[in-house]
Amino acid sequence: MDTSFLPSVLQNDIAQAAQLIQQAYDPQSRLSSQDQRRLQQELFDIQKRPEAWGLVLPFLDHPDPNVQFFGAHTAQVKIARDWPTFPPENAQRLRDMLLELTGRLMASGRNKVILRKLFVAITSLALKLGTQTPSQWPDWLQSSVQTMSAFGASAESLLDYLAIVAEEIEGADLVGSHKAGMRRTLLDAVPMVTQAITTCTSRPRPHPSPQELRSALKCFGAWLPHLPANDITPFIPLLITLITPLQPPPHVEFEEDEFVLASDALQEILSRSALSDGAGTKTLTEPLLVWCERYGGAIVEQTISSGCADALSHSFCKLLTAIGDHSTQYLATNLASNVVPHLFHDRRGFPTPSKSQLVESFLKLLLAYTSLPGFYGVDEEESEMTLGFWYLFQEALWASSDHESEQENNNDVLEKREKEQWTVAKAVYTELVKVLGRKVVWPSTAVQQSWPKDQVDKFQAYRRDVGDTLINAYYVLRDDMLAFYVNDIVEKLAVKRDADGWEEIEGTFHCLMAVQEAVPVEDNVHLRRLFSPDVLNQLPSNGNDRIRRTVVILIGSYSSWFTTQPTYSPENAHHSLLMNAITYVVSALPDQSLCLHAANALRDLCDHNRVALAPHISAFGQLHANIANIPDTEKSKVLQSISSVIEALPPAEQIPPIEAILSPVVAKLFEALQSSNELPDEARSMAIEQLFIISGVAKGLTRTADSLLISDDSPDVKAQMEKMRLAREDPKTVRLREVILDALRRTADLWSTDASVCDALSDLFKAITALPSDLTLLSLSAEPLLEIICVASQRQLTAVWLSLATMLTIQLDPPTLLPPLFKTPPNTAAHGVVLNVLAVLLQAAMQLFSQPGAMQDNPDIVQAFFTCLDSIAQRFVPVFYQLPPDLFDALLQCAVGALSLQERYSLVSTCNFLATLINRTASNETLSDSKNLLIQAHGRSILRAVLSGFAGVAPRSATPNLIELLSTMVTKFPAESKTWMAEILYSPDFTPSQATPEAKDKFVKTMFSSKSLRRTRDAAQQFTLVARGLEGSSFGYATVSM
């Protein structure tokens, strides 16, 4: 072995380096984290030196496996990281040395972890030499195998090497001709690889060398993405043979290791090969279905009898799900087919069933795993693996019906076939529904208390996944599914004894809750029965938290369904399913563990059924009278529910109840404000609670219909708006709004820097403001609230205040469905308000951002700030040019500086603002002088910041936004932009980059010669890749975002 080209290292240095490795990796050394980091850094520094090449051989000859591993790792690292410093004239000698060294180590049976490192090193070297022009190692794969084989490498080691080669080439950073060349190398080696794998897998059973079989099938899996379908097909009979029992029925005996390995390989074929996505029905799907029909039942029987799934059974379940994912369409299409498949390999003389029998056998096996006895996560882990299939199968059933409708001309034949198919499908999903209803049942309280928290969480997640599967079952069964579950509840309630638990009934309620989103909002006899007193009145009204919580959530989820039911007068309330449901929900409100869900359910019921509940307003008065019994955390939702019902009353009739609800709340808020000095924490908590209550009432009074979809010119709308106007002018409501506004001012004055109070005020501001057509008794105008925001921002600028300012300035120029040309522009008063707000916010922001590092440390404020300015620029662009010139210049300089921020969302909002400002200014005829002033004073600096962003200053994720800003500049100011771009790109102080003068010339030329926006974007993207040194890399092209 020629090693003369390697640097020579003194024996003493080798020993010291080996000692460092032993110290770092010895589990008995018990080093501190600081010492561990120091040793790792020293080893890293050793590897960086040119002399480290000379450590590879001595380390590999060392008796300590840790030192050997570091020697192999050094070879890999030096080739991958330090190859440019290696003398090119020694590359061939290094290749020969590595191949001989690795071949000898393979022959000696060296540790596989060390050999893996050497395999990676050889592959990395092949990528370096093979991608040169001309190639310095054109036949590297076959020659490397031949060389290592000549030095005694075993078949098992060569298969491991071939597996590493496929994995490394797959993940290599190659593009263009280099990638194509490596693919050709792999394709040329396919016959050699398949021959090696076939030789190993076709040996007599049981296999004489399990490790060799493992290596062969791992190699097969690694090469699968590179194998054509014709080269995969011959392996299928071999793999099926490996999973076939050594003894035929009835004395079935499987070889577990062979089964698991071959099953994994078959799963790989089904999921990520040229035969994936349903291909190969004759050569893959049908042979596997026949095998499952013949031998699968024995595995399932053994699993059930033993009470758990061993490794073989677990692997079989994975194989079943892989077949299901691959062949879903085949299974759906042949659910009722009497055709007998023609098989291409021997079945030991067994008769072949029809396709429908094969499909039914497969579905029974899958159902058997779905219904494994016991609780998921405790007794079994397999049932969850099967759930995804039932979604795919339901989709495939629909698709197969549509496909057959297109292919079949005979309507009678088609109708008969579809009827047979759906009869079987419904039978399958009926069984699935029964099974899943049992699987979601919680254990008894005593058993559950023994579960650790992570198991409880795991089972809850499983129940949610089952719920998703039940939705697909509903799409097949429809009302039959509702009937089954409702009947199940009724039957269990009829025979339930006091000593019995509620777990099974709760499980059925959970199933009904899970399918709610799929159930149409229309009258349904089964739901009427479910929400009738015959069911709800038999459920517990205290204790038994789980079933009560499930039923309360169920009622809330079906809140919109109650709109399909008739409205009853208060005298006949006992006939109302809605009132029956509300009564059950309200009974849970005082319970601390249920009040959250009960309040949410009540809110949804009242929100969806306002008109139907309006006649029962007195009942809600009683609820309000008992509000003290409800936990403070949920009072706002309860009062929101009551307000939702009040909203359905005529506006004039809303005044007394709203005043009755809010007067004590506002009084309590003022009480908190007055006691803030004596009891600051208690006062603040009380104030926050009252703010959320007022917010909840305001939300309840807001109608649910989208005002943008309702014409203000409608006579009914005009009449309603007039009634609301008169009600709003009532002295009582005027006084109520004034008191609320005064309370908001005082609260902001006192606690504007407190995050919790700011969140409560934000929620209230959003709830209590509205567009003109959405006004309620409590709606406040934007102007006084903006005043509060400005005062608070001067104390401490936050993203909350800026977001609220954005919302309220939009209300000064409310959106409509009219085209912009016909939209009435904002009035002068609105412009004046926005100008004042803008000036205050700018001064506060400039004061904050002028501090070193403030923009980097407060990305949320930066994003909210420029988002607010973007919104103002879209609606009130002239106000920017009415600002003091120094303030406007400071804003633009701040925006230019923000284009270099590394936080993406801050940069994106800045780009959007600048693009909007330029576009709106250029398109506004009254701002021609301002346009010239803007571009002459700030255009060059904006353009420089954008180009610097392309060159590497800005994160690559923001490149599309920088491109949009550049396109805006080039479109609106082409002459100036062309001149400035050339000056900036060739300026000595421009951001250092990898872009050559030719690349810069091409960029500028393309930008100003193309009329296509797409070509402009492509040119900017290409310049970004070149400037950052990413041209020609798969990473660069893979991360291009348009």
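**Reading the features**

Modeller: Helices α10 and α12 are oblique to each other; angles under 35 degrees count as roughly parallel, over 145 as roughly antiparallel, 65 to 115 as roughly perpendicular and the rest as oblique. This is a predicted model, in which local features need pLDDT of at least 70 and side-chain atom pairs count only at pLDDT 80 or more, whereas totals for chains, interfaces and linings use all residues. Residues are numbered from 1 along each chain as its sequence is written, and side-chain values use heavy atoms, with hydrogens and water left out.

Colleague: At what angle do helix α10 and helix α12 pack, and how far apart are their axes?

Modeller: Two packed helices are described by the angle between their axes and the distance between the axes. Helix α10 (residues 210-223) packs with helix α12 (residues 235-243) at about 140°, and their axes are 14 Å apart. Axes are lines fitted to C-alpha atoms, for helices over the stretch in contact, and angles run from 0 to 180 degrees between N-to-C directions. The helices themselves (H or I, at least four residues), like strands (E, at least two), are DSSP runs numbered from the N terminus.

Colleague: Which residues of α10 and α12 meet?

Modeller: From α10 come Leu 213, Leu 217 and Phe 220, and from α12 come Phe 235, Leu 239 and Leu 242; contact means heavy atoms within 4.5 Å. By class, this contact has six nonpolar residues, no polar and no charged ones. Here Ala, Val, Leu, Ile, Met, Phe, Trp, Tyr, Cys and Pro count as nonpolar, Asp, Glu, Lys and Arg as charged, and the others, Gly among them, as polar. The crossing of α10 and α12 is left-handed, a term used if the near helix is turned anticlockwise from the far one by less than a right angle, with right-handed for clockwise.

Colleague: How do helices α32 and α35 pack?

Modeller: Helix α32 (residues 651-674) and helix α35 (residues 731-751) have axes 10 Å apart, at an angle of about 25°. That makes α32 roughly parallel to α35. Their crossing is left-handed. Residues in the contact include Ile 655, Leu 662, Val 666 and Phe 670 of α32, with Leu 736, Ile 740, Arg 746 and Trp 751 among those of α35. By class, the contact of α32 with α35 has 14 nonpolar, two polar and four charged residues.

Colleague: How many helices and strands does the protein have, and what share of its residues is buried?

Modeller: The protein comes to 49 helices and zero strands. Its C-alpha atoms fill a box of roughly 100 × 85 × 70 Å along the principal axes. Of its 1042 residues, 51% count as buried; buried means under 20% relative accessible area, exposed over 50%, and partly exposed in between (1.4 Å probe, protein chains only). Among contacts between residues at least 6 apart in sequence, 74% join residues at least 24 apart.

Colleague: Is Ser 315 buried or exposed?

Modeller: Ser 315, in helix α15 (residues 311-326), counts as buried because its relative accessibility is 3%. Leaving aside neighbours within four places in sequence, Ser 315 is in contact with Phe 259, Val 260, Ser 263, Asp 264 and Gln 267. Ser 315 and Asp 264 are 51 residues apart in sequence, yet 7.4 Å apart in space, C-alpha to C-alpha. Ser 930, in helix α44 (residues 928-953), is also buried, with a relative accessible area of 15%. Beyond four places in sequence, Ser 930 is in contact with Tyr 881 and Thr 921.

Colleague: And what of backbone geometry?

Modeller: Most residues other than glycine have a negative phi, and most peptide bonds are trans. The bond from Thr 133 to Pro 134 is cis, with omega near -5°, and Pro 134 is in the loop between α6 (112-130) and α7 (140-150). The bond from Arg 205 to Pro 206 is cis, again with omega near -5°; Pro 206 is in the loop between α9 (176-201) and α10.

Colleague: Where is Asp 277, and what is its phi?

Modeller: Asp 277 is in the loop between α13 (256-272) and α14 (281-306), with phi near 60°, a positive value in a residue other than glycine. Asp 277 is exposed, at 75% relative accessible area. Arg 478, in the loop between α21 (453-477) and α22 (479-495), has a positive phi of about 55° and is partly exposed at 36% relative accessibility.
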